[in-house]
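Here's a quick walk through some surface and ring features of a protein model. Have the sequence and the 3D view open as you read.

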Amino acid sequence: MNLSAQAPSLPQYRSSFSRDRVAARPYAGAKELSGLGQLAFASLWLLAFAIPWEDAITISGFGTSARLVGVVTVVLGLFAILEKGTIRRPAPGHLMIALFVISAAASYLWSLYPEGTWNQALTYIQLFVMVWLIWEHCPRAQEQQRLMQAYVLGTFVSGIDTVYDYLYHVESDYERYAGARLNANDLGLMMALSMPVSYYLLIHSKGPIAWLYRLQLILAGTTVLLTASRGATLASAVALAIVPLTQARLTGRQKVAIILTGLLLVSSILAFVPSTSWERLSTTPNALEHSTLTGRTVIWKAGWEIFRQHPFIGIGSNAFRVVVSRVLREPIRLDDPDSPAPPAHNTFLSVLVEQGVIGFAIFSVLLVVMCLSLRTMPSLTQKLWIVVLAVWTVGVSSLTWEMRKPTWFFFGLLLAQSGTGLWKGFAPRLRPAAGLGRHKTPALHLSLS
């Protein structure tokens, strides 16, 4: 197998388009998907659809239905790449993700929990493949928006199931509700992440599909409050920033529709959200100042002590639960099902403790690279991803999400959308002079012998 990079030709140009129009166009090397490519994209769409309710269906001896869809997606995606014969040049974000995965896998050599580190490394490899397949099979805005739609539609499954659980008094925790067998805090953040995406799709849509997005926004807001997750509620408040950030771009009719959607959301909240949810959420200010945040601050202090003992290379990926259970004031027996080892409840602390300063630096640079990649996007899409990243940051500050599918799905989608406008300085910006060929972006060609 020989890999060779084809350098771009630079034709002469003589006219230009606006920045928004440039970034909305696909990169110059994008081609129509083949039959196998369409199957690969369809499996990616199903995977995105399954993520918001990934724990709802469990296959004995295998795992969740989302895992099954993921396996099919990988197989079809790789075969489609082989059929195409080319791979896209990776963006800087992909290189940082690969470096992070390598760092996590390398920690197996010094891990205090080798079995868990091995399993986590395999998970990271699978998540990286998902990110890469999004990059390969969704080069155009059309495919990227379809993946957004899939995720938004998937939230209907877990959202409706949550409302059903409330109506029939099926609690996931004491006076809290979460459908699809999901943890209430995880479900809350999944819904919070869907809000700016659904709103973005809404203002790009007309007719019946627009009402579907309005209904999703109402369901998502109601579901977050039914979970009574304080972190997810704060993240949802951040998600609402998408409205004032984009209001200047809305027509008068769209503004009226947004106000109507807000009124329907308030009506839904008043109809479905019980007083117990409000009581729990009302304790947020006091909890931030005086309480342990349901034991989180105790875990964070223990995690910090572990980091001080292993500052540079950490204790090994996925070792936090096992190690912290030994150093808590009241050590936890891992064989006691009523007292499970606690996660870090903070993604950044989890990465810092497990992979040390080196792994944390790689993860931080990855986040910075993704933020910088927003510069290639048109204004409206840029604002969407600023809000999504802010929602994710607030949400994962109380959750361990560095290995969760939603994290890497949105990272992959962000990189794909930034890649759409990556080559705007070449062919998409200017029209080639007569007699000159259309510009092609760099691609890596695969020749099999």
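A patch is built from residues with over 30% relative accessible area and no salt bridge, joining like charges within 9 Å or nonpolar side chains (Val, Leu, Ile, Met, Phe, Trp, Tyr) within 5 Å. Areas are Shrake-Rupley values with a 1.4 Å probe, and for residues only the protein chains shown count as cover. A salt bridge is a side-chain nitrogen of Lys or Arg within 4 Å of a carboxyl oxygen of Asp or Glu.

This is a predicted model, where local features need pLDDT of at least 70, side-chain atom pairs need 80 or more, and totals for chains, interfaces and linings use all residues. Numbering starts from 1 along each chain as its sequence is written, and side-chain values use heavy atoms, leaving out hydrogens and water.

On the surface, a nonpolar patch with about 1000 Å² of accessible area together includes Trp110, Trp118, Phe312 and Val357. Helix H5 (114-137) gives the most, 3 residues. Helices here are DSSP runs (H or I, at least four residues), numbered from the N terminus.

Now the rings. Phe, Tyr and Trp (its six-membered ring) pair if their centres lie within 6.5 Å; planes under 30 degrees apart are stacked, over 60 edge-to-face, the rest tilted. The count comes to 18 aromatic pairs.

Tyr124 lies in helix H5 and Trp408 in helix H18, so their pair ties together parts 284 residues apart in sequence. Tyr151 in helix H6 and Phe409 in helix H18 are 258 residues apart.

Methods:
Helices (H or I, at least four residues) and strands (E, at least two) are DSSP runs, numbered from the N terminus.
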